[in-house]
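Here is a short briefing for a first look. Start with the sequence and the model, then read the points by topic.

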Amino acid sequence: AERLLLSGDVENAQIGDSMQLPGSTFRIESKNDISKVEINTSSNRVFNDAKLSGVVQTYYDGVGVKFDPSTFVLNGKTFTIEKDGELTFRSNTVAQGELVLTESNQRIQLSTEPTEDGGNWNDLKVRLTNVNIGDFSNYFLKGFRLEGLVDGVIKIEDPNNRFNVRTEDLKARQVWFDKDSV
């Protein structure tokens, strides 16, 4: 059976205007619509290191990713992607999946679920438990510092098209904005 094997080293990859990934390695082995992907990288900024591995399945109407145990380091904290974490996004087929990220007592659970709107797509639900928003805020707030702990649910309706974001029972505590308590 025919397969494609691609591996290499990237001296320096740049994402956006501020994140560089020096010394990255990758390996992709593909056959039909299934690819085994391994990526090892580091960064010059807040995102320090990543060892990601999984299987990517492409469909005519979307993509599915099933992760092997993987890790990434963000602000000096090692987050783990639990084994068999899987997310599938297809536009014409309702599918489900779940991916769990953990670091100490922080937990981020991403899951796909059929939309409640009666369409034939999946929504993305992000359940946050004891998440330190300071670990992520610099990616979506430029020039400001937001810190605190967050619990609750963020729901992204039809992420392939509408990308409508709603929150459910979102609670924050010990919140600081640019060193001032809120």
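Rings of Phe, Tyr and Trp (its six-membered ring) pair if their centres lie within 6.5 Å; planes under 30 degrees apart count as stacked, over 60 as edge-to-face and the rest as tilted. A search of the whole structure finds one such aromatic pair. This is a predicted model, where local features need pLDDT of at least 70 and side-chain atom pairs count only at pLDDT 80 or more, while totals for chains, interfaces and linings use all residues. Residues are numbered from 1 along each chain as its sequence is written, and side-chain values use heavy atoms, with hydrogens and water left out.

**The aromatic pair**
- The ring centres of Phe72 and Phe79 are 5.3 Å apart and their planes meet at 5 degrees, so the pair is stacked.
- Both Phe72 and Phe79 are buried (under 20% relative accessible area; exposed is over 50%, partly exposed in between, with a 1.4 Å probe and protein chains only).

**The chain overall**
- The protein chain has zero helices and 14 strands (DSSP runs numbered from the N terminus: helices are H or I of at least four residues, strands E of at least two).
- Of its 182 residues, 36% count as buried.
- The C-alpha atoms fill a box of roughly 60 × 45 × 30 Å along the principal axes.

**The largest pocket**
- The largest pocket has a volume of about 540 Å³.
- A pocket is an open set of points on a 1 Å grid over the protein atoms alone, where a 1.4 Å probe fits, with protein on both sides within 12 Å along at least five of seven lines; lining residues have an atom within 4 Å of a point.
- Grid points are joined across faces, edges and corners, and the volume is the space filled by probe spheres set on the points.
- Of the 18 lining residues, Phe72, Leu101, Ile108, Leu110 and Phe136 are the closest to the centre of the largest pocket.

- Ile34 lies in strand β3 (residues 34–42).
- Ile34 counts as partly exposed because its relative accessibility is 39%.
- Beyond its neighbours within four places in sequence, Ile34 is in contact with Glu29, Val55, Val56 and Gln57 (contact means heavy atoms within 4.5 Å).
- Arg107 is in strand β10.
- Arg107 has 32% relative accessibility, so it counts as partly exposed.
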